[in-house]
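Please keep the sequence and the coordinates at hand while reading.

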Amino acid sequence: MSDAALSASFGRERDRSLWLFLFAMALGAICLRILITNPLMNEFVEYTTEKGAIYEKIHFGTYALLGVAAIIPLFRPIRLEIWELAPFRALLFFGFWVLAIAVALVAIGRGGSAGYLIDSYVAAAAAGLVLFMLPLPMRRTAGHVMLVILMASALIGIGEVATGTRFLPYEVGELDFRPTGLMGHPLNQGLMLAAGIGFLVASRFRLSFKLLGAALLLIGAAAAGARTATIMAAIAIFACLMLTRWQNVDAARQASMKLMVLAFAAIATLPAIGLLIGAGFLDRFEGGLIDESAMARLDVYRVFEYVSWRDIIAGTDIAIIQNIIETRLDLLYIESTPVILTFQLGLPGALFFTGLVIYLFAHLLRLNGRAAAIGIAIFFIVALSNNHLSTKMATVTMIVVMLVAFMQRPVARS
């Protein structure tokens with residue numbers, strides 16, 4: 001081999017090794033943000049407590065994602081295709097404005113409200129930008145890793161129910177044992193498993209693996225005792241079955257295969273429900289859907305009866321609202337993202353922030369298929385039934401990673 005050929009070969013090998021190194025850093029930062037749950041963070045620093053320095057209130061994974069986003073361009077110039085420009089700019093725009101809102105909150109003395117904006121939304125934007133800096137096959141791999149994490153979380157959650165033992169720390173007192181898997185909270189577990197079904201269908205996994213994986217995610221959501229998520233997971237499976245096109249299956253066979261799977265699902269539904277009841281996974285449904293817990297999420301909106309218009313328009317200290325919730329409404333938590341956003345950002349700020357979220361997801365969904373759209377719809381329906389979108393959980397980061405990972409290059413029209 002000539003010196004020139006040896007040099008070119010060495011260059012290609014070095015280039016490949018560099019990309020693998022950058023990908024490992026990016027994936028490591030994303031997994032750090034997802035797998036180090038809030039209770040686990042509290043084992044190391046005062047993350048969600050009232051004590052501790054301000055730098056302790058930001059997740060290790062958020063620092064890592066911001067660091068990786070700054071490091072990758074030093075090694076590789078960012079090269080994007082035309083179809084990637086719009087979502088990349090949307091992530092930049094979104095991340096900039098959310099960070100600006102967080103800084104403004106700190107400046108006016110509401111720094112406690114800035115933590116979840118940075119850890120949930122700035123971290124999500126950073127994760128999406130980092131993926132766009134990597135080659136398309138590596139993005140796909142990151143998306144598939146997210147799905148493997150969700151399926152592992154479902155399995156661990158089922159194992160936790162069977163053994164009565166948690167895999168990760170959990171700080172919330174509860175009357176009945178509910179698993180958390182890898183997601184840090186039972187309701188967070190249910191949310192992500194239900195939303196993950198749409199992205200599982202959008203993935204490149206084999207059809208048989210998708211069907212088994214979807215069943216596992218549904219069972220995992222039921223095991224978590226997340227009623228809304230369990231119902232929406234079943235709806236997600238049905239919607240994906242009927243509304244999406246199956247890969248590697250010609251159009252002529254799809255209708256007959258879908259009918260066969262639908263018929264099998266109908267036959268298996270009653271035995272499956274019986275098994276879930278026998279395993280204790282559906283105990284939360286015994287009191288129906290509208291129980292004390294569900295009513296608490298409606299009663300929380302009565303807080304507006306006890307505040308002034310100035311508090312609604314300009315916002316106020318969230319501790320004051322928490323006190324009203326506890327003393328006047330006899331509730332423990334503010335289980336509503338709209339309520340939290342309104343009092344933390346003020347009504348105009350809350351509307352602006354909502355517009356930013358809609359803007360971002362509209363751009364990310366534009367290059368995704370129906371299955372991902374179903375996943376996003378399920379995500380927001382379940383998330384808005386509680387306060388998922390106003391916590392420090394990594395749910396938004398996972399969703400953004402999967403949206404970026406499973407984007408499709410537009411087909412050129414002839």
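## Nonpolar core

Once residues up to four places away in sequence are set aside, Met146 touches Leu27, Ile30, Cys31, Ile34, Met398, Val401 and Met402. This is a predicted model, and Met146 belongs to its largest nonpolar core, a set of 122 residues in which Leu117, Tyr121, Met146, Phe361 and Ile399 touch the most other members. Helix 5 supplies the largest share of this core, namely 15 residues.

## Confidence of the prediction

The protein chain has an average pLDDT of 87, and 90% of the residues reach a score of at least 70. Over residues 6–10, by contrast, the pLDDT falls below 50, and this stretch has one contact in the model beyond near neighbours in sequence.

## Aromatic pairs

A pair of aromatic rings is described by the distance of the centres and the angle of the planes. The count of aromatic pairs in this model comes to twelve. Phe94 and Tyr121 form an edge-to-face pair, with 6.2 Å from centre to centre and 65° between the planes. Phe94 lies in helix 4 (residues 82–107) and Tyr121 in helix 5 (residues 114–132), so the pair ties together parts that are 27 residues apart in sequence.

Are the two partners buried or exposed? Phe94 counts as buried because its relative accessibility is 1%, and Tyr121, with a relative accessible area of 3%, is buried as well. Elsewhere, Phe93, Phe96, Trp97, Phe352 and Tyr359 form one aromatic cluster.

## Charges over rings

Arg166 lies over the face of Phe177, at a distance of 4.5 Å from the ring centre. The charged end of Lys392 is likewise placed over a ring, that of Tyr47, and sits 4.2 Å from its centre.

## The loop between helix 6 and helix 7

Thr180 has its place in the loop between helix 6 (136–163) and helix 7 (186–202), and it counts as buried because its relative accessibility is 0%. Which residues does Thr180 contact, leaving aside its neighbours within four places in sequence? They are Ser153, Glu160, Arg166, Tyr170, His185, Pro186 and Gln189; of these, Arg166 is the residue that lies over the face of Phe177.

Arg178 is also found in the loop between helix 6 and helix 7. With a relative accessible area of 15%, Arg178 falls under the 20% limit and is therefore buried. Its side chain reaches the backbone oxygen of Gly225 at 3.2 Å, whereas the C-alpha atoms of Arg178 and Tyr63, which are 115 residues apart along the chain, are separated by 31 Å.

## Two further loop positions

Thr37 is found in the loop between helix 1 (3–35) and helix 2 (38–42), where its relative accessibility of 4% means that it counts as buried. Apart from neighbours within four places in sequence, Thr37 is in contact with Leu168, Leu182, Met183 and Gly184.

Asp330 lies in the loop between helix 13 (318–327) and helix 14 (337–365). Is this residue buried or exposed? Asp330 counts as exposed because its relative accessibility is 67%, which is over the 50% limit. Its backbone has a positive phi of about 60°, although Asp330 is not a glycine.

Notes. Residues are numbered from 1 along each chain as its sequence is written. This is a predicted model: local features need pLDDT of at least 70, side-chain atom pairs count only at pLDDT 80 or more; totals for chains, interfaces and linings use all residues. Side-chain values use heavy atoms; hydrogens and water are left out. Helices (H or I, at least four residues) and strands (E, at least two) are DSSP runs, numbered from the N terminus. Buried means under 20% relative accessible area, exposed over 50%, partly exposed in between (1.4 Å probe, protein chains only). Contact means heavy atoms within 4.5 Å. pLDDT is the predictor's confidence in each residue, from 0 to 100. Rings of Phe, Tyr and Trp (its six-membered ring) pair if their centres lie within 6.5 Å; planes under 30 degrees apart count as stacked, over 60 as edge-to-face and the rest as tilted. A charge sits over a ring if NZ of Lys or CZ of Arg is within 6 Å of the ring centre and within 35 degrees of the ring normal. A nonpolar core is a set of buried Ala, Val, Leu, Ile, Met, Phe, Trp, Tyr and Cys residues joined through side-chain atoms within 4.5 Å. A polar contact is a pair of N or O atoms within 3.5 Å; within protein, one must be able to donate a hydrogen and the other to accept it, and residues adjacent in sequence count only if both atoms are side-chain atoms.
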